[in-house]
Amino acid sequence: MISRREFMQAAAALAAIYGTTTPMGSLNAKQKITEDDLLGMKPFGNVTLAHLTDVHAQLMPVWFREPSINLGVGEAEGKPPHLTGEDFLKRYNIEAGSAEAYALQSKDFLKLAKQYGQMGGMDRIATVLKHIRAERPNNTLFLDGGDTWHGSYTALQTKGADMVEVMNALKPDAMTGHWEFTLGEERVQEIVDSLPFAFLGANIFNNEWEEPAFDAVKMFERGGAKIAVIGQAFPYTPIANPRWMIPNWSFGIREDEIKKQVQSARDKGANLVVLLSHNGFDVDRKVASRVKGIDVILCGHTHDAMPEPLKVGNTLLVASGSNGKFISRLDLDVDKSGVKGFKFRLIPIFSDVISQDKDMTALVNKVRAPYEKELNRVVGQADGLLYRRGNFNGTVDDLICDALLEERDAEIALSPGFRWGPSLLPGQKITVEDIHNVCAMTYPAAYRTNMTGQQLKDIFEDVADNLFNPDPYYQQGGDMVRVGGLGYTINPKKKIGERITNMTELKTNKPIDLKKEYVVAGWASVNKDTKGPAIWDVIEKYLTNHTPVQVKANDGIKVVGM
Amino acid sequence: MKDLSRRDVLALGTTAAAAALFVNPLAAHAETDLAKDLIKKFTGGKNAAEGKIKLEMPEIAENGNTVPLSFTVESPMTKKDYVKRVIIIAGGNPRPEVATFNFSHLSGVAKASSRMRLAKTQNVIAVAELSDGSFHMTKTEVKVTIGGCGG
């Protein structure tokens with residue numbers, strides 16, 4: 001049923017060219033892989049869904065290393081998208097060293113990065129969308145899964161205006177959101193009121209009267225089919241992000257509301273029901289198993305990229321990655337009785353291969369122009385590879401923790417387990433833009449406070465349960481809170497209160513005393529009155545004194561029981 | 001760039017308020033004896049069967065101080081067959097009794113919405129008494145979490 005032939009054709013072509021031989025420069029990649037290899041797909045059926053999600057305001061091409069550890073628990077254990085490295089390659093029959101292997105998993109990242117170059121870039125994405133629309137003029141819906149207006153220096157400075165302008169030019173048909181809401185209620189409402197397309201959130205309610213705060217669904221007609229797109233914003237936005245910024249809006253999974261919307265869409269004659277979701281993959285898998293009548297879930301939030309859809313009952317789950325690395329194209333044959341068949345392609349946006357759309361290049365340059373000097377200001381240099389993704393730590397976060405420990409004179413540092421933020425290659429100059437790509441946000445205060453060992457344990461247990469609760473409806477996405485100066489052992493399969501053991505102060509190698517107070521520095525507290533300098537200033541100061549910056553990965557975290 | 005001297009850093013530190021948000025999220029989910037006694041008192045010691053009553057609450061509370069709840073009991077709500085009372089119990093609160101809703105066949109439907117405070121992660125229990133003297137119950141876990149690290 002799942003046609004991967006075309007994806008694999010490109011893979012085979014690339015493998016034939018490259019084999020497993022010596023690395024080539026990205027110029028060579030440009031000459032060898034063609035745009036046709038990446039975009040060529042024989043159109044199928046009467047409807048095309050193009051899905052872009054979790055761009056995190058990355059207008060320009062990026063380096064982005066996928067995680068080498070991404071554990072699933074409960075029903076999700078060992079299943080996609082919880083596969084990394086060799087397991088991922090094996091599951092999807094992808095050749096090591098191939099272009100897909102580079103794009104989709106972490107093994108040989110550095111070697112392959114040199115070979116295949118950067119990924120993403122809004123002007124390349126524009127080219128792909130133009131190609132799809134030219135091929136499928138009356139059949140295409142372009143849907144944005146959210147986390148679009150946040151994650152860069154310019155998005156922060158313009159309160160999302162740069163991304164809104166760029167996305168408007170790409171003409172999405174609908175979007176939903178998560179980090180968008182960290183711009184605050186007033187700003188979100190202002191932008192949403194101005195959008196020439198639908199901002200959907202079936203699960204967002206005014207919390208005074210429990211009335212819908214946004215449109216839940218939008219009906220479209222494409223290729224003779226009636227399509228209902230239901231929007232599902234990130235259910236735990238007021239918990240994972242500051243509630244005080246959106247005091248009047250309540251979220252939640254609200255499974256009954258999804259059921260109601262699906263039924264209502266069917267009653268209105270929808271032939272195809274699409275959930276444009278920011279739930280996170282495991283939550284969506286559970287939704288698909290419990291809510292009948294959804295044909296396609298376009299998944300976001302957890303940043304997974306899967307080379308083929310996963311089928312749960314009659315529902316197709318599509319996961320399209322993050323940071324502009326991919327666009328999914330799902331061609332569907334839909335008639336009155338529903339979906340008859342489909343073809344899928346996860347299109348990797350190889351920046352050196354896919355041509356730049358001139359208009360979009362100009363627009364991106366325009367929105368960046370006022371900030372260009374600051375964006376390019378060099379503040380340091382990377383020594384080793386700096387990356388963020390992984391369940392327990394990443395070298396970007398180890399760097400942030402080092403900066404917090406030193407600049408805020410703390411014994412222990414905490415850094416949130418975000419999944420956004422591109423990578424930096426060894427030797428790369430670190431600019432203001434690079435720093436902001438991993439920490440730009442509207443609540444950046446780097447606090448310094450005292451916490452007892454018990455409070456620290458409570459935090460770790462709480463976050464671990466948000467990540468490893470066997471019931472996905474109790475998960476919040478994201479990864480484990482990052483720590484500096486402290487090590488611990490974690491058993492993800494245990495219950496809350498029992499997962500974390502052996503908490504150790506790394507400097508003294510002494511066990512953490514639950515009753516003792518420690519000086520703790522961290523950032524991105526959801527608490528309103530948090531005081532402290534902005535985290536990017538803390539990082540910049542640290543880099544000024546440590547460059548090229550040597551980062552030692554925190555090896556004090558042990559995972560057991562998996 | 002701000003110049004952060006060590007003195008600034010320490011001064012800022014004294015006003016940092018981050019610790020204030022850390023509630024204790026860790027607690028056993030078993031019902032307290034108080035809650036168990038309350039159920040017993042409501043049912044007069046009779047068994048309450050699972051089902052018939054549906055309790056809707058968020059899986060994770062956005063604000064433990066005001067957690068929305070709504071319930072519906074399946075019933076024709078006729079003179080012969082109707083829901084008499086529904087009690088809502090917070091299984092882990094120091095005072096577990098949240099509310100009792102009284103109905104009659106004239107109510108038309110047995111449903112209601114309210115808000116409640118939850119001290120920590122716990123089960124919320126709803127028990128319904130029907131006009132035939134039978135009892136029905138359901139429970140749902142609501143997590144009260146520190147939050148702040150998703151994304």
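A crossing of two helices is called right-handed if the near helix is turned clockwise from the far one by less than a right angle, and left-handed if the turn is anticlockwise. In the predicted model considered here, the crossing of helices H7(A) and H14(A) is right-handed. Helix H7, which covers residues 122-135 of chain A, packs against helix H14, residues 358-368 of chain A, at an angle of about 150 degrees, and the two axes are 8 Å apart. Because angles over 145 degrees count as roughly antiparallel, H7(A) is described as roughly antiparallel to H14(A). In this contact, Met122(A), Asp123(A) and Ala126(A) of H7(A) meet Met360(A), Thr361(A) and Val364(A) of H14(A). Sorted by class, the residues of the contact between H7(A) and H14(A) comprise 4 nonpolar, 1 polar and 1 charged.

Elsewhere in chain A, 4 strands form an open sheet with mixed pairing, in which the order of the strands is S23-S22-S21-S25. Strand S23 (510-511) and strand S25 (557-559) of chain A stand at the edges and have a single partner strand each, so one side of each is left without a neighbour in the sheet. Strand S21 (residues 486-490) and strand S22 (residues 500-505) of chain A run antiparallel and are joined by 4 bridges, and Gly487(A) stands opposite Thr504(A) in S22(A). Helix H18 of chain A, formed by residues 453-468, packs on this sheet, where it touches S21 and S22 of chain A, and the direction of H18 makes about 135 degrees with that of S22(A).

Methods
Residues numbered from 1 in each chain as written. Chains lettered and ligands numbered in written order. Predicted model: local features only at pLDDT ≥ 70, side-chain atom pairs only at ≥ 80, totals over all residues. Pairing = 2+ DSSP bridges. Helix = DSSP H or I, 4+ residues; strand = E, 2+ residues; numbered from the N terminus. Contact = placed C-beta atoms within 7 Å. Axes fitted to C-alpha atoms, helices over the stretch in contact; angles between N-to-C directions. Parallel < 35°, antiparallel > 145°, perpendicular 65-115°, else oblique. Nonpolar A, V, L, I, M, F, W, Y, C, P; charged D, E, K, R; others polar.
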